[in-house]
Amino acid sequence: MCLTDKRCDNGWSFYGGNCYFREGRKKARTSWEKAQEICESEQANLVTVNDANEQKFLSGILGKKGSWCGLNNKDDEKVFKWVSGEESKYTNWAPKQPRKSKKARCVHMQMARHQHKWVMRKCAKKARFTCEKGKFCYYTL
Ligand SMILES: [Ca+2]
């Protein structure tokens, strides 16, 4: 689904031609994989943070809480990929990140008290998450 106007589904927020769903409920915290499955069921992907302005928008909808984003190095520790397939080079790493770890292969945007800066986390860890869909159409890699 490609969006052509500013209409997002109920519960989704519009920004820059895309629609975003932030799963903020504590009970709905889930693994990175499961979060991506939930996004896909909405024809979306875990969010791709393309630039500082989008990060700022996301920080706004996240409020105090953190969230999974679509970045990961699950296939190859040296190669970070966005699950949406986008080739975005923007990053917002916390100090000393991304840390080298065989186990922590998924990227989490931390809570507001850490400026939503990104850290590597075990993909199985449960977290809130944010889905994005829009001008970059959903497709399976
Ligand atoms: Ca994006």
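**Talking through a predicted model**

Modeller: Let's start with Ala35: beyond its neighbours up to four places away in sequence, Ala35 touches Thr30, Leu46, Trp68 and Phe129. Keep in mind that this is a predicted model.

Colleague: What makes Ala35 and Thr30 count as touching?

Modeller: Two residues are in contact if their C-beta atoms lie within 7 Å, and Thr30 is among the residues that Ala35 touches.

Colleague: What makes the largest nonpolar core a core, and which residues have the most contacts inside it?

Modeller: A nonpolar core is a set of buried residues of kinds such as Ala, Val, Leu, Trp and Cys, joined through C-beta atoms within 7 Å. The largest one here has 25 residues, and Ala35, Leu46, Val47, Trp68, Cys69, Val107 and Cys131 have the most contacts inside it. Among the elements giving two or more residues to this core are helix 1 (32-40) and strand 4 (67-76). In soluble globular proteins, nonpolar side chains tend to be buried together.

Colleague: Why is Lys81 called partly exposed?

Modeller: Buried needs 20 or more other C-beta atoms within 10 Å, and exposed means 12 or fewer. Lys81 has 16 such neighbours, so Lys81 counts as partly exposed. Lys81 belongs to strand 5 (residues 79-82) and, leaving aside neighbours within four places in sequence, is in contact with Asn72 and Asp75.

Colleague: How do you know that the radius of gyration agrees with a compact globule?

Modeller: For 141 residues, a compact globule would have a radius near 14 Å; the chain has 14 Å, so the two agree.

Conventions:
Residues numbered from 1 in each chain as written. Predicted model: local features only at pLDDT ≥ 70, side-chain atom pairs only at ≥ 80, totals over all residues. Rg over C-alpha atoms; globule rule 2.2 N^0.38 Å. Helix = DSSP H or I, 4+ residues; strand = E, 2+ residues; numbered from the N terminus.
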